[in-house]
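Dear colleague,

The findings follow directly after it.

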Amino acid sequence: MLLVCRFQPSEVAAFSARAQRALALLTAAPGCLGGELGRAVDEREHWVLTVRFASVDAYRRSISPFDVREHVVPLLSEAQPEPSTFETLVAAVDGQTTTHPSLLTDG
């Protein structure tokens, strides 16, 4: 599962510190596979926070502790208003792809 949140912060230093804290808290959770904070190369006011989880359950468990609800959830609420959680359908490592079945129903 992927968490992808895009931001346009007005205070870059404060945002960066908050995002680093969010990454530390989320990546400490069981089932978190890692995360990154990035800045657009051509439009420096655009930022992205991405975090990978082993499953939807791992993601949901990662956002339930109090310190995450206190520090991470408010930050995520400032993200651009667009979908932010995605299921992984194809993963690739070293040139090899693995297809994963969708967890969503077609209904």
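Phe15 is buried, as its relative accessible area is 4%; buried here means under 20% relative accessible area, exposed over 50%, and partly exposed in between, with a 1.4 Å probe and protein chains only. Please note that this is a predicted model, in which local features need pLDDT of at least 70 and side-chain atom pairs count only at pLDDT 80 or more, while totals for chains, interfaces and linings use all residues. Residues are numbered from 1 along each chain as its sequence is written, and side-chain values use heavy atoms, with hydrogens and water left out.

Aromatic residues

The structure contains 3 aromatic pairs. Rings of Phe, Tyr and Trp (its six-membered ring) are paired if their centres lie within 6.5 Å; planes under 30 degrees apart count as stacked, over 60 as edge-to-face and the rest as tilted. One of the pairs is that of Phe7 and Phe15, which is tilted, with 4.9 Å from centre to centre and 50 degrees between the planes. Phe7 and Phe15 are both buried. Phe15 also pairs with Trp47: the ring centres are 5.5 Å apart and the planes stand at 70 degrees, so this pair is edge-to-face. This pair links distant parts of the chain, since Phe15 belongs to helix H1 and Trp47 to strand S3, 32 residues apart. Trp47 is likewise buried, with a relative accessible area of 10%. Phe7, Phe15 and Trp47 together form one aromatic cluster.

Chain as a whole

The chain has 3 helices and 6 strands, arranged along the sequence in the pattern β-α-β-β-α-α-β-β-β. Helices (H or I, at least four residues) and strands (E, at least two) are DSSP runs, numbered from the N terminus. Along the principal axes, the C-alpha atoms fill a box of roughly 40 × 35 × 30 Å. Of the 107 residues in the chain, 25% are buried. Among contacts (heavy atoms within 4.5 Å) between residues at least 6 apart in sequence, 58% join residues at least 24 apart. The chain exposes about 7100 Å², of which carbon and sulfur atoms supply 55%; accessible areas come from the Shrake-Rupley method with a 1.4 Å probe, and for residues only the protein chains shown count as cover.

Helix H3

Which residues of helix H3 are buried? In this helix, which spans residues 66–76, they are Val68, Val72, Leu75 and Leu76. They cover an arc of only 100 degrees around the axis, which puts them on the same side of H3; the arc is that of the directions from the helix axis to the C-beta atoms. The cover over these buried residues includes strand S1 (2–7), helix H1 (12–27), strand S3 (47–53) and helix H2 (56–62).

Ala91 is located in strand S5, residues 90–93. Ala91 is partly exposed, at a relative accessible area of 27%. Leaving aside residues up to four places away in sequence, Ala91 touches Gln96, Thr97, Thr98 and His100. Asp94 lies in the loop between S5 and strand S6 (96–99) and is exposed, with a relative accessible area of 76%. Although Asp94 is not a glycine, its phi is positive, at about 50 degrees. Most residues other than glycine have a negative phi.

Yours sincerely
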